[in-house]
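Hi there,

Here is the structure I promised to pass on to you. Have a look at it first, and then read on for what turned up in it.

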Amino acid sequence: MDSQLQQAQLAAILGADPAPFEVLISHLMSSSNEQRSQAEIIFNLCKQTDPNTLVLKLAQLLQLSPHMEARGMSAVLLRKQLTQDDSLVWNMLSPATQSSLKSILLTCVQSEEAKTIMKKLCDAISELASTVLPENGWPEILPFMFQCVSSDSPKLQESALLIFAQLSQYVGDSLIPHIKHLHGVFLQCLTTSGSSDVRIAALSAVINFIQCLSSSGDRDRFQDLLPAMMRTLTESLNGGQEATAQEALELLIELAGTETRFLRRQIVEVVGSMLQIAEAETLEEGTRHLAIEFVITLAEARERAPGMMRKLPQFISRLFAILMMMLLDIEDEPAWHSAENEDEDVGESSNFSFGQECLDRLAIALGGNTIVPVASEVLPAYLAAHEWQKHNAALVALAQIAEGCSKVMIKNLEQVVMMVLSSFQNPHPRVRWAAINAIGQLSTDLGPDLQVQYHQRVLPALASAMDDYQNPRVQAHAASAVLNFSENCTPDILTPYLDGIVSKLLVLLQNGKQMVQEGALTALASVADSSQEHFQKYYDAVMPYLKAILVNANDKANRMLRAKAMECISLVGMAVGKEKFRNDAKQVMEVLMSLQGSQMETDDPTTSYMLQAWARLCKCLGQDFLPYMSVVMPPLLQSAQLKPDVIITSADSDNEIESDNESMETITLGDKRIGIKTSVLEEKATACNMLCCYADELKEGFYPWIDQVATILVPLLKFYFHEEVRKAAVSAMPELMCSAKLALEKGLAQGRDGSYIKQLSDYIVPSLVEALHKEPDTEICANMLNALNECLRVSGPLVDENQVRSIVDEIKHVIVASSIRKKERAERTNAEDFDEEERELLREENEQEEEVFDQVGEILGTLVKTFKASFLPFFDELSSYLMPMWGKDKSSEERRISICIFDDVAEQCREAALKYYDTYIPFLLGACNDENPDVRQAAAYGLGVCAEHGGSVIKPLIGEVLSSLNFVIRHPNALQPDNVMAYDNAVSALGKVCHFHRDSIDSAQVIPAWLSCLPIKGDLIEAKAVHDLLCSMIERSAGELLGPNNQYLPKIVSIFAEILCAGKELASEQTTNRIINLLRQLQQTLPPATLASTWSTLQPQQQLALQSILSS
């Protein structure tokens, strides 16, 4: 369209005659795409050329048009123009337009009669108000809302309440002075209004308002509204208005999740009402499900009201009974028995699947001590009943609660396992299937205890279930359960059963039903994976079948079968090793290569299975895999670069994201709701994991791909849609650095020099630091710190000062963030209902923090080792963050880490670190008395370092050092496995005191005490150091060590004998030679009688060993 014509068209649309503008708006609603997109272009032009006129035209249309559609559309368009985004139209409008728009919107609230438009109008007003109210840009609106709410028009009351509900998060604070008045208004609307719409709007307003109040005192003033809020729900149910009731339930669920403690005082009444709704079979399923969702949300709100629901056992029993009833809603469909398709939930209703999901969530939320007693009361009756549905329900429930109740169920394993195994004989195949399913689930949740104690009952039961030829679905499931069982299983448990299991699985591989064949392949793969080299004896029998499936299963219906065959072959290859697999490997690779080249449909499972199979084959073949990399890498890089398939809507929009199947996952970020296609993410995650795997396996061989892979994976450190993608990207960083370094060292990086590592490091290290700053997940934080540490070990001094500065700043951030998380957890312990189970869960969460601190210690150690004294200015900055970690209120792990950091500084910086001794040594001395052996070990090691490098600074403290080390050495259980590392480090430190400070000690007492502790055999690193030190001391002053009349000679010779008999364990080759030379010197210089009596104190095998060593 030429510009003159366009100008004319715009002039007409924005002109005095309203008709052209109305036509434009009707075109925006047109069902013809062409007409609509033309109209959108013109509308946007109007917005750019004359936003004032456009907005006023929309407002007039909203106010005056007789056509409902036009009024509705203009309300929606106005809201969009007023939304806070980059191109906020509001700011382009003149003050006069702004002012008339505000007054027209408020006038429309009074004049508009149509309910649907009213809601859209309220949305537009809320949108604008949320933008201008923080700057007090609409003083008229609050008085107007109060006026509407107090009027006797239900329509105005509802509008004002709807606006209240949306605005409270923006204007909550400015409403606090009006709390008393609001309380009265809300109470009146909830109790006296005859309109259910007004009551629901009031409920929404109250709930939104409570959530924006920061003081619990203010929130509590609304406590007395709770009965009226609940009546909104019960009255709409009594009046048969279930849609209204469901709206109320959704609002109350929101309250339960965010303001759990607001409900606490009236929890008995509230939960009682919800369970009544859940039990009412006359109500719609949707209503009952929401009532249950409310109770489960309360149970899950651990951080807000820990332990509260566990105080209500009578309700837990009722809820459990309701959920069990839901599991009876199942039909015996013929399609289940024919087993033609995968769909194992044929005949299960939405009640059934909801009941299943809720049992799982309830058990995880409340834990075994609460749920197991309830289950023990209910399940036996279900298992004893005649109806198969009840028997089935009991087994399904058991499988669902196992994850949350694992600790308690492990204590009652006998009961649990017998309950399930007795059902393997049930006449109804669906019950047998459920029993097998339960064993599979229990193997995962209660392993490895279940495998260790009950393998002799479970494996034979699964094996005989594989013979159920009448019921292929049961057969297939029994094979799949072998997978769950063997995943948590050591080869020694599995090996005795392999003959029987493998021969059955081979028979199932030849079954006519694809489902059975797939189950058998999965089981074979996992059995091979768990039994490793023990699988070699079955290889020749199994591999021909697997290759046949791989080659022949090539029509669309068999895609999954072929994919599982790939998985199985690659796992079997890894289990039996390169030598055994080599001959078939070439043939298998060729099939995979031809598949790789063929066009596959997007939903073909082959791709993802093939990516993993290639990586396993690489692990099996090592460097022999390199020739295939040029085929493997291109599609892998393509998968790693997949863009997530994302649909974004606003979080408060009514239209849920439509998902064609289970493969959409929704997350809410701020005010956006994001739907993501999970299959795409899973393929992306698999590909990233495989890239990491190749770099790790091929080392320098991966060099040609480093640059390409780095540019793909580094941005994925911040891929927040999927944790597995981030984890894989994180793990790959140090692998890429190592691969580059090795390629340089081995001369494979043509034309590149050391600056290449610097380049790579300059790309990776800052990216890791930046990603760490934004990482929401504690476990991944620990992974990132670990990866950063590994990268620093490779790049070493190539990291420049600015990067060190950013790492140090990030470490401060990590320490502070972790302390805040711990503090928040500690505050939970003050909640009214906090109990032992909550304490246990808190402990587990805090252990995750320790992993973070551990990695902080490792990184600081690496930086100190790399930069030595030039790192100390940074260490000084950090000391105010590290010192608090010594506190008695801190965990022993934090104390250990902070001591280790000082140990590293003292050891690496030597004289430069002496200035810290005054501050740190008192801590080390005290820490030798710590109840935790790891802390004692770190402290003793540190004292040894200070003795070696502390010179005159440590000299005045040697007496205290000796008594602290003595405390560790004389600990009543010093030589128990838990304590032996602390003991060995104390002995080593004592040796350093004897060697470096012999003029400050009473040698006649201390040296024999030290010799009596040697040799040490727990900490092999310290052992090598201390035994070498012993040689130095004897070489320096044999007389002092041998003592008056050579009285310590027998002890020294027996120490040497023990060290020599232990081979390379306790001494380096150099030390061993020193020992042999010293023994020869003693042989030559000491009187034969002395030697003979010394020799006679040794054990016979030591005498023989020494004779052969000395005579050779």
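Predicted model: local features only at pLDDT ≥ 70, side-chain atom pairs only at ≥ 80, totals over all residues.

Around the largest cavity sit 13 lining residues, with Ala 299, Ala 305, Gly 307, Met 308 and Met 309 nearest its centre. The elements that contribute two or more residues to this lining are α16 (285–300) and α19 (350–366). Nine of the lining residues are nonpolar, three are charged and one is polar.

Then there is the packing. The largest nonpolar core has 405 residues, and the members that touch the most others are Phe 625, Tyr 694, Phe 702, Phe 871 and Trp 1010. Which residues does Phe 871 touch, leaving out those up to four places away in sequence? They are Val 804, Val 808, Leu 860, Leu 863, Val 864 and Leu 878.

Most peptide bonds are trans, and most residues other than glycine have a negative phi. Here, the bond from Gly 447 to Pro 448 is cis, with omega near -5 degrees, and Pro 448 sits in the loop between α24 (429–445) and α25 (449–465). The bond from Leu 1014 to Pro 1015 is also cis, with omega near -5 degrees; Pro 1015 belongs to the loop between α49 (1003–1011) and α50 (1020–1036).

As for phi, Gln 532 is not a glycine, yet its phi is positive, at about 50 degrees. Gln 532 lies in the loop between α29 (514–531) and α30 (536–552) and is partly exposed, with a relative accessible area of 29%. Asn 1046, likewise not a glycine, has a positive phi of about 55 degrees. The loop between α51 (1038–1042) and α52 (1049–1061) holds Asn 1046, which is partly exposed at 24% relative accessibility.

Happy to talk any of this through.

Best wishes

Note on methods: Residues numbered from 1 in each chain as written. Heavy atoms only, no water. Core = buried A, V, L, I, M, F, W, Y, C linked by side-chain atoms within 4.5 Å. Buried < 20%, exposed > 50% of the residue type's maximum accessible area, 1.4 Å probe, protein only. Contact = heavy atoms within 4.5 Å. 1 Å grid on protein atoms, 1.4 Å probe; cavity = no way out; pocket = protein on both sides within 12 Å on 5 of 7 lines; lining within 4 Å. Helix = DSSP H or I, 4+ residues; strand = E, 2+ residues; numbered from the N terminus. Nonpolar A, V, L, I, M, F, W, Y, C, P; charged D, E, K, R; others polar.
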